[in-house]
Each structure stands twice: as C-alpha cells, then as structure tokens.
Amino acid sequence: MELQITSKENEYFRQKIQLSSVEYYSDFPWRSTGNMWHALVAEVMLQRTKAEQVEPVYRAFSKLYPAPEDYLNDEGAHVFESLGLHWREKQLEKLANEISENGIPVNKEDLMNMAGIGSYIAAAFRSLHLGRRDVIIDSNVVRIYGRFFGFETDGETRRKGWFIDLADQLTPPRSFKKYNYGLIDFTRTICKPDPACNSCQLYRKCKYG
Ligand code: SF4
C-alpha cells in the first residue's frame with residue numbers, strides 16, 4: 001500500500017497537533033527532569049502503562065534512586081511490582097548495570113541494544129529528552145493516523161514501510177518535541193480508543209470523524 005498526503009493535509013494535521021500540545025499538555029514529573037537515568041526509566045515504565053498509573057511509581061522511584069548505582073545497591077528493589085510488571089525488574093537491573101558502566105548513548109541503535117529498550121522507547125527518549133529528532137510510532141499513533149487519513153490498521157501497520165514513511169513525513173524537522181508531546185497527549189485525552197470527536201479540533205477534516 002502507498003499513502004499520498006498533500007502538503008496542505010500535512011500542514012493542517014501538524015498544526016492542530018502542535019496546538020493540542022499546549023492545550024492538552026500534562027506536566028508529568030519525568031517531562032521536566034534533567035536526570036536522564038530517570039527519564040529513560042520513565043519511558044520504560046510508560047510502555048503499555050497509563051501515565052496516571054506510572055506517576056506515583058515514578059515519584060517514589062526517582063526519590064529512592066537518584067542514580068543507577070543506588071538502584072543496584074538496593075537488593076530488595078521492586079520498582080515494577082505495583083505496575084504488575086515483575087518480569088521487568090530483571091531488565092531494569094540489566095539496564096542500570098549498563099548505564100552505570102557505560103552511561104546512556106544518544107545514538108538510536110546503541111540505545112536499542114540496551115536491555116528493555118525497543119524502537120518506541122528509544123525514539124521517545126531521544127526526541128523528548130535529548131533534543132534529537134525522532135519519529136514515535138505506537139498503537140496510539142497508528143490509531144490517530146489511520147482515523148484521520150482514513151485507512152484500515154491492524155497489529156502489523158506500525159511495521160509497514162509506507163506507514164513509517166508517513167509518520168516520518170508528518171514529524172516536523174524542528175518542532176518534533178512539541179509535535180510528539182501533542183500526539184501523546186491528544187491520543188490520551190481526545191483521540192483515545194473511544195474517541196471524543198465532538199470536542200476534537202481535527203473533526204472538520206478527519207475521515208473517521
Ligand atoms: S475527529 Fe474523532 S477520530 Fe478524528 S482525530 Fe478527532 S477524535 Fe480522532
């Protein structure tokens with residue numbers, strides 16, 4: 001499949017999402033941290049878990065473990081227990097060891113070679129915390145693009161070349177951080193699985209709406 005979008009559609013979508021980045025922005029604590037260890041672990045916690053559930057866990061974690069070594073020295077650490085993700089504790093231990101030994105890389109491939117870091121976490125971390133342009137793709141992003149531009153999606157859509165090209169085309173070269181936050185917050189509050197089309201600024205041009 002190939003999907004062509006016009007520059008007008010691109011501009012319209014980008015602008016609306018960037019405006020929503022102001023309107024629906026949530027000031028979660030990991031968004032303003034200067035501690036990259038905390039920021040990276042927050043992105044790991046956020047994968048497949050709602051931000052509201054992550055917030056208290058993140059607050060406790062960041063207070064207890066200012067550095068990866070503090071986490072490694074705590075033999076009874078169970079950061080992921082309250083999120084119901086016990087199996088991630090081993091991954092976090094591995095990740096903390098890697099960061100303690102080699103620091104945190106900025107290169108995407110190097111990040112993706114670390115324990116528990118897939119392409120979404122690497123892209124989110126780079127674009128939201130390191131100021132490097134990167135394209136975020138997860139099920140929420142697939143959902144809003146599919147709805148707005150009017151194409152069918154399934155579990156494989158995110159891996160298709162044409163879809164990755166579309167996401168790349170839509171992500172702005174400079175204001176990518178604002179755009180990515182807009183996507184995250186808009187798909188959490190308005191274009192959620194049960195969409196609030198009546199309150200949506202994209203309604204006029206959305207194929208689904
Ligand atoms: S109109 Fe509805 S489906 Fe379209 S982007 Fe808005 S919330 Fe999503």
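A residue is taken to be near a molecule or strand if its C-beta atom, placed from the backbone, lies within 6 Å of it. By this criterion, 14 residues surround the ligand, and the closest are Cys191, Cys197, Cys200, Cys206 and Gly209. The model is a predicted one, in which local features need pLDDT of at least 70 and side-chain atom pairs count only at pLDDT 80 or more, whereas totals for chains, interfaces and linings use all residues. Residue numbers start from 1 along each chain as its sequence is written.

The shell around the ligand is made up of twelve nonpolar, one polar and one charged residues; here Ala, Val, Leu, Ile, Met, Phe, Trp, Tyr, Cys and Pro count as nonpolar, Asp, Glu, Lys and Arg as charged, and the others, Gly among them, as polar. Cys197 is found in the segment after H10, with helices (H or I, at least four residues) and strands (E, at least two) defined as DSSP runs numbered from the N terminus. A residue is classed as buried if 20 or more other C-beta atoms lie within 10 Å of its own, exposed if 12 or fewer, and partly exposed in between, C-beta atoms being placed from the backbone. Cys197 is partly exposed because 13 other C-beta atoms lie within 10 Å. Apart from neighbours within four places in sequence, Cys197 is in contact (C-beta atoms, placed from the backbone, within 7 Å) with Tyr203 and Gly209. The C-alpha atoms of Cys197 and Ile164, 33 residues apart along the chain, are separated by 25 Å.

The protein chain is divided into domain 1 (7-25 + 134-205) and domain 2 (29-129), with bounds that come from an automatic or database domain assignment. The centres of the two domains, taken over C-alpha atoms, are separated by 25 Å. Ten residues of domain 1 are in contact with eight residues of domain 2. On the side of domain 1 that touches domain 2, five residues are nonpolar, one is polar and four are charged.

A nonpolar core is a set of buried Ala, Val, Leu, Ile, Met, Phe, Trp, Tyr and Cys residues joined through C-beta atoms within 7 Å. The largest such core holds 51 residues, of which Val41, Ala42, Phe125 and Ile136 touch the most other members. Elements giving two or more residues to this core include helix H1 (7-23), helix H2 (36-46) and helix H10 (176-189). H2 supplies the largest share, eight residues. Both domain 1 and domain 2 give residues to this core, so it lies between them. Beyond four places in sequence, Phe125 touches Ala39, Leu40, Glu43, Leu111 and Leu130.

Ile121 belongs to helix H7 (residues 119-129) and counts as buried because it has 22 C-beta neighbours inside 10 Å. Not counting residues up to four places away in sequence, Ile121 touches Glu43, Val44 and Gln47. In the loop between H2 and H3 lies Arg48, a residue other than glycine with a positive phi near 65 degrees. Arg48 counts as exposed because it has 10 C-beta neighbours inside 10 Å.

In H9, Phe163, Leu166 and Leu170 are buried. Seen down the axis of H9, the buried residues fall within an arc of 55 degrees (given by the directions from the helix axis to the C-beta atoms), so they line one face of the helix. These buried residues pack against H1 and H8, while Gly161 and Asp168 are exposed on the other side of H9.

Note on methods:
Two residues are in contact if their C-beta atoms, placed from the backbone, lie within 7 Å.
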